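Open the viewer and get your selection tool ready. We will go stop by stop.

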Amino acid sequence: RIEARYFSPEEFAQRLSADRYVNLIAQDASGRVIGYAFGWGLSYRNHSTYVDHDCLYVDDVCVLHACQRQGVGQALLEVCRAEAQKRDCTSLELSVWCFNQEAVAFYQHCGYAARTLRMDGARRQFLARARFAADGHRRTTAGDAADLRTQRLHGQGVAAQLRRRWH
């Protein structure tokens, strides 16, 4: 099973204090955290396929299940958009797993559209290759098989990247 990456307390504190990052916390009337959005500024310069520009990349938007469909996620994205404009960014970008149809529908409802489709086949092929022991005999590890099962269960790892422009 693929696990999420968690920040150490030191990493999280640094992330909260650095100007490069956008860290938004949504709270209900009682002060309980019900959602958050994290992102950071990216600069594309001298890129082979992009015109030079700055964007705000939204890394994570999360709303408690019980608080979804109440405008919390939309409000978080709206504040991200305002922050991107304040930073003179030309776009707001994020990625979403294709198998997460609920999130895809949410982002589309908020005005986002697919810009690229990232295919993940090389990792699967790499994991499926037989490994060779020091004596030259072919072997496959249990970890390879578990990774391949995880890939199948998680929609083969295909992610769509979404982008919203406002100029």
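Select C55 and S91. C55 stands opposite S91, a residue of strand β4. Keep in mind that you are looking at a predicted model.

Now widen the selection to the two strands. Strand β3 covers residues 53–63. Strand β4 covers residues 91–97. The two run parallel, and 4 bridges join them.

Stay on strand β4. Is it largely enclosed, or largely open? Of its 7 residues, 5 are buried, so the rest of the structure largely encloses this strand. Here is a general point to keep in mind while you look at strands. In a regular strand, side chains alternate between the two faces of the sheet.

**Salt bridges inside the helix**

How many salt bridges does the structure hold? There are 7. We will visit some of them.

Keep helix α2 on screen and select E78 and R81. These two form a salt bridge, with their closest N and O atoms 2.5 Å apart. Both residues lie in α2, 3 residues apart, which is about one turn of the helix. E78 is partly exposed, at 34% relative accessible area.

Move along to E83 and K86. Their side chains also meet in a salt bridge, at 3.4 Å from N to O. This pair lies in α2 too, again 3 residues apart, or about one turn. Now show the surface. Which of the two partners is buried, and which is exposed? E83 has a relative accessible area of 18%, so it falls under the 20% cut-off and counts as buried. K86 is at 64%, so it passes the 50% cut-off and counts as exposed. Salt bridges with shared partners join E83, K86 and R87 into one network.

**A link across the sequence**

For the last stop, select R69 and E102. Their side chains meet in a salt bridge, 3.4 Å from N to O. R69 is exposed, with a relative accessible area of 76%. E102 is partly exposed, at 46%.

Note on methods
Residues are numbered from 1 along each chain as its sequence is written. This is a predicted model: local features need pLDDT of at least 70, side-chain atom pairs count only at pLDDT 80 or more; totals for chains, interfaces and linings use all residues. Side-chain values use heavy atoms; hydrogens and water are left out. Buried means under 20% relative accessible area, exposed over 50%, partly exposed in between (1.4 Å probe, protein chains only). Two strands pair if DSSP finds at least two bridges between them. A salt bridge is a side-chain nitrogen of Lys or Arg within 4 Å of a carboxyl oxygen of Asp or Glu.
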